[in-house]
Amino acid sequence: MKKLIGFLILGSFSALEAMAYTPPPGFILARSIKDRKSLRSIEWNARITDTKSQAVFKEQLRVEFPSGRLIATYSGPSDEPWGTHEADPSTLSRLGRFWITVGLDPNGARVKSALSELGVLPEEASETKLVRIGKSIAWGWGEQARVLFGKDSFLPAGYSARLDAGAESLQVESFMLAGNQLQVPKSVDVSSGAGTYRFEIRSVKVDVPNKSAPGSQGKSENAWVKGWVTLVR
């Protein structure tokens, strides 16, 4: 009986220790980048809805990760051209740095630089916490700004920040499988004081030759596109 009681007590302590353990942020970040280390480019076609006005438009985006170059072509509901936007890592918006660089870039140095600019670069004193996102559980850290990664997938799942100009946030609702077992954000909710948007990928390709990059149409002057680009690109 004493042996049984001792076994049960030891088992209880082991269970509590397992429940209490959280991996350090540095491990979570390294694990996340590892899953996409061979990625060279990504292209997607997506549908974007301005949830306040219910305006809908389309985004055809390509990112070339060796150079960091991003080019996006926009069109209206009936495919009428609404212009383009080009960027590189140094000109991405705050949410763009999380979405494109932290979320997809295989270059660890660029990812860490983006996290530093966002105020959530892991340090030895950084504490990982379990956070519930809807029906999912994520690892998270940060105070004024917070970053979230899926508990089991280690996929970047969300970012939020309290800024002088107001709060902004990006939350990945679901992912989809691209080539080489790569998971990319499929449905994303974006919000700030300037607007709220719903993003949904319709198709995605990885490591496609450069010749399929969208052609230039000139910088977009459409108000809905400009609001989206300012917030996330």
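Start at the largest pocket, which has a volume of about 260 Å³. On a 1 Å grid over the protein atoms alone, a pocket is an open set of points with protein on both sides within 12 Å along at least five of seven lines, and lining residues have an atom within 4 Å of a point. Grid points are joined across faces, edges and corners, and a volume is the space filled by probe spheres set on the points. This is a predicted model: local features need pLDDT of at least 70, side-chain atom pairs count only at pLDDT 80 or more, and totals for chains, interfaces and linings use all residues. Residues are numbered from 1 along each chain as its sequence is written, and side-chain values use heavy atoms, without hydrogens and water.

Select Ile133, Ser136, Ile137, Ala157 and Val172: of the 16 residues lining the largest pocket, these are the closest to its centre. Next, colour β9, which gives the most to this lining, with five residues.

Now move to the largest cavity, with about 60 Å³ of space. A cavity is a set of points where a 1.4 Å probe fits but cannot get out. Select its lining: Phe98, Trp99, Gly103, Leu155, Pro156, Leu170, Val172, Phe175, Gln183 and Pro185.

Finally, show α3 and helix α5 (residues 223–232), whose axes come within 5 Å and cross at roughly 70 degrees. That makes α3 roughly perpendicular to α5 (65 to 115 degrees counts as such). Axes are lines fitted to C-alpha atoms over the stretch in contact, and angles run from 0 to 180 degrees between N-to-C directions. Helices (H or I, at least four residues) and strands (E, at least two) are DSSP runs, numbered from the N terminus. Select Leu95, Gly96 and Trp99 in α3, which meet Trp228, Leu231 and Val232 in α5; contact means heavy atoms within 4.5 Å.

Key: Angles under 35 degrees count as roughly parallel, over 145 as roughly antiparallel, 65 to 115 as roughly perpendicular and the rest as oblique.
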